[in-house]
Amino acid sequence: MPCPAARGAGGQTHAKESCMTDHSHPSSKAVATVATDRTFWGRLAAWGPYHTLMRLATASPRRQFLILAAFPVLWVLTQHLGPMLQMLRVSLLDAYPVAPGVEQHFTLDNYARFFGDSIFWMPFFRTLAFAAVFTFCTLIITYPVAYFLARHVSRKNQMLFLLLLLIPFWVGEIVRTYAIMILLGNTGAVNLVLKWVGLIDRPIPFMYTSFSMGVGIVYLTALYMLLPLYSALEKLPQSMNEAAADLGAGAWTRFWRVSLPLTIEGISSGCTLVFLISTGFYATPVLLGGPSTTVFAETIAGFFHVAGDEWPTGAAFATIMFMAALVITATFQKLMNALRKGESK
Amino acid sequence: MNDRPELFRGNRIFLSCIYWAFVLYVFVPLILMILMGFKDSKFIGFPIRSWTLDWYKGVFDNTEVLSTFGYSIAIAVLSTLISVIVGTWIAVLLEGRKFLGRSVMFGMTVLPALVPGIISAIAFRIYARYLGIEPGMGAIVWAHAVHNVPFVVLVVMARLSTLPKSQIEAARDLGADPLVSFIRITLPYLVPAILGASIFCLLLSFDDFVRSFFLGGYEPTLPVLIFAKLRSGMSPEINAIATVALILTAAIGIWAERFTRRMNKES
């Protein structure tokens, strides 16, 4: 029941008083105390126009749901899916951005270009190989760390030990890449230490190789491996390891037959995450890599630096990269799932 | 937590060595980078023989660098505001009643977080052109906002799943409409998650390079500025800038960690 008097901010309380007196309360004195006791939300809910609006909006569960869902669905379609679809569309065009008066045609030439020149597909396969190797290195390095955190640190200290590792990961990609440059440079810390110990006379050129790139990328992605592994290991009951030990299994067997199979889920999600992230690095290979380690991200970026009409080719290459990364990670996850099911049988 | 320490002692010592080695690996590069910012020489490299604070003075005297800090922070704040509102809305939808296509919706929601960096940047660049957004602050804010939405959704959904349904029902029984019960019951319950997600988004945006690089105009964000300076040669000046950025992000991170943990304990 909309109250005609209930308009304007100033006279609100007063208006509602009279409004309510008409309908529900016999004594106007009691109403006065109720009205002033009401919170802002109570007053809002009783305010006529708002009340009508809400009743309209929530008339049926279906309508209420549509109002809740409309914006998220629209956002996800236009903002999350849109960029990918537009990239796919541009990758199939013969010219973009198009000059006025020129007709656009759909073509597969941009994709054909990829296979035509080794300068294009070499970086592509190199990127996939690097990403796979770096992901594996990250796994090997972080697994014992996650294992230690989850199994050998008291619960009270776990957050502290974990937090210690999290701090450096709040620092950005570029700053951490630069830190690796300082570490590995010809006058860097590693070379200084090696020289000081007497192992080398002349500095080892670590920089601008696949090694320096690997150190950098493992450094950047370690956390994304560590956290899934940690949460998988944390769920693993200690009693399983003890049972295995009681049955005579050594440390290695316990790890190989108990911990590893039961944390496959964590390994699989960590590896997927790290693989996807490492294929997407652009600045790190530019800064830490050399001419012999050009990755596909640099190839793709090249098409967007020049002002010419190379966008469709760049879009096509990005699509190839994305599809390849998706297919590889999906296959990997399938494989890991099969492995897990096989182990539990 | 270990009932039978004698069984695992050997492991334990071995693993703790690995852990501390990893801590070193994670910290040493950053510490070296910070130290280099105090070197009294134009050349990056060890050993450091004499020390100076001039590089830091230079950072705070340089209006270009300072305005870059401001620019990056403004972008981070604006994009976080958008991400948090949109992300919370999506989370409420996904965590609510079941509906047809919910898993598809969820898949599309997390998509931007799974697209590798360079591809995401390229896709945003092309889409910005399509929407008519000029490269510059608006484009970066938009790209960061879209990219960060999935993280907000995941964090808020996790918190939302632990909200006692009885509270909402009680509010509804007492006459609150869905909007009021959301604002008075759900939202206060979500505050720790929303704050945590906001800090995470702020840091993601502040640290992001690849999207800012491809969507930026003439004015660089902080990572883009450091990248540009690095390409023209290393200098302790870069160390000083990077260190200030590092201290800023680490301080926000540590503060947020403590803050959200305290809030989680209270509720």
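Ser205(B) belongs to helix α8 (residues 178–207) of chain B, helices being DSSP runs of H or I with at least four residues, numbered from the N terminus. Because its relative accessibility is 4%, Ser205(B) counts as buried (under 20% relative accessible area, 1.4 Å probe, protein chains only). Its side chain makes a polar contact of 2.8 Å with the side chain of His144(B); such a contact is a pair of N or O atoms within 3.5 Å, and within protein one must be able to donate a hydrogen and the other to accept it, while residues adjacent in sequence count only if both atoms are side-chain atoms. Leaving aside residues up to four places away in sequence, Ser205(B) touches Ile75(B), Ala76(B), Ser79(B), His144(B) and Asn148(B), contact meaning heavy atoms within 4.5 Å.

The model is predicted: local features need pLDDT of at least 70 and side-chain atom pairs pLDDT 80 or more, whereas totals for chains, interfaces and linings use all residues. Residues are numbered from 1 along each chain as its sequence is written, chains are lettered from A and ligands numbered from 1 in the order in which they are written, and side-chain values use heavy atoms, without hydrogens and water.

The contact between the chains takes 87 residues from chain B and 97 residues from chain A. About 8600 Å² is buried between chain B and chain A, with carbon and sulfur atoms giving 79%; this is the accessible area (1.4 Å probe) that two parts lose on being put together, summed over both. Helix α1 (residues 5–36) of chain B supplies the largest share of the side of chain B that touches chain A, 20 residues.

Conventions: Helices (H or I, at least four residues) and strands (E, at least two) are DSSP runs, numbered from the N terminus. Buried means under 20% relative accessible area, exposed over 50%, partly exposed in between (1.4 Å probe, protein chains only).
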